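Biologist: I would like to learn how to read a pair of packed helices. Please take me through one.

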Amino acid sequence: MSKSSPAVGYGQPPEHSRFKKGQSGNPAGRPRKKKSPKRQTATGPSLYDMVLIEASRPIQLQENGQIVELPMIQAVIRSLGVSAVKGSHRSQIALANLVKSAQDKEYENRFDLFKTFYEYKRHWDEEFARCDATGVPRPDPVPHPHDIQINHRTMEVIFNGPETPDDKRKWDEGEIRIQQSIKEVAELQKIKEEASDARVREIVEADIEDKKYLLEVIRCTYPNEDIRRKPDFNLSEWRKVKLDRLKVRKKEMSR
């Protein structure tokens with residue numbers, strides 16, 4: 001019995017014209033839909049940054065016949081002040097509000113700092129008392145509470161010692177350098193005393209003076225605890241006075 005021919009009709013084309021298995025009905029392929037390009041995100045400075053950059057941008061102004069350079073925001077405030085002095089009521093109000101806002105913010109920051117380190121000193125004073133009562137060695141916090149001066153009238157906080165662990169390392173290195181300089185000066189002094197040649201003694205004496213000057217500079221930068229923990233001590237003022245005196249002495253030595 002012969003095999004019957006496959007059915008041919010709608011949806012069933014003749015076998016010889018059918019697509020081979022695995023072959024697409026659209027050899028050229030349907031063109032893929034083009035993807036819209038991704039929107040570029042801003043990578044530049046934010047509006048906040050741009051405002052601060054522009055506010056601090058230096059500009060040149062002519063003042064009393066001279067060219068001065070000021071940050072833009074300072075120039076604006078100065079212009080506002082000039083306008084207020086000339087009688088502009090609106091400028092006077094704006095300037096007064098600006099000054100009050102700045103004063104309030106400065107007071108707020110000062111009060112927060114005062115409160116923080118008042119509590120800090122109180123905490124460590126209590127901790128030191130507890131250690132002394134129990135015979136436990138005192139810890140060595142940074143900043144050390146005895147290196148902090150607080151003015152209860154002005155709420156000013158003054159740091160007379162290292163404020164961070166990095167500062168503490170610098171202060172410790174400064175103390176080591178002081179001891180080394182003292183030793184070097186003593187060794188040079190001995191060489192000078194033992195030298196029979198006047199020229200050698202003169203050279204050594206000049207070296208001693210240089211070492212002593214360097215020693216004083218380091219001492220003025222890193223005062224020891226006995227100095228910096230005195231009542232009403234102010235590190236910044238003390239450094240300035242000491243270094244100014246050293247500069248005068250250096251000039252006299254070089255004459």
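Biologist: In which hand does α2 pass α3?

Modeller: A crossing is left-handed if the near helix is turned anticlockwise from the far one by less than a right angle, and right-handed if clockwise. Here α2 passes α3 in a left-handed crossing. Helices are DSSP runs (H or I, at least four residues), numbered from the N terminus. This is a predicted model: local features need pLDDT of at least 70, side-chain atom pairs count only at pLDDT 80 or more, and totals for chains, interfaces and linings use all residues. Residues are numbered from 1 along each chain as its sequence is written, and side-chain values use heavy atoms, leaving out hydrogens and water.

Biologist: What describes two packed helices?

Modeller: The angle between their axes and the distance between the axes. Axes are lines fitted to C-alpha atoms over the stretch in contact, and angles run from 0 to 180 degrees between N-to-C directions. For α2 (residues 72-85) and α3 (residues 89-134), the angle is about 130° and the axes are 8 Å apart. The two are therefore oblique to each other (under 35 degrees is roughly parallel, over 145 roughly antiparallel, 65 to 115 roughly perpendicular, the rest oblique).

Biologist: Which residues of α2 and α3 meet?

Modeller: Contact means heavy atoms within 4.5 Å. From α2 come I77, L80, G81, S83 and A84; from α3, S91, Q92, A94, L95 and L98.

Biologist: Is S91 buried or exposed?

Modeller: Buried means under 20% relative accessible area, exposed over 50%, partly exposed in between (1.4 Å probe, protein chains only). S91 has 11% relative accessibility, so S91 counts as buried. S83, at 25%, counts as partly exposed.
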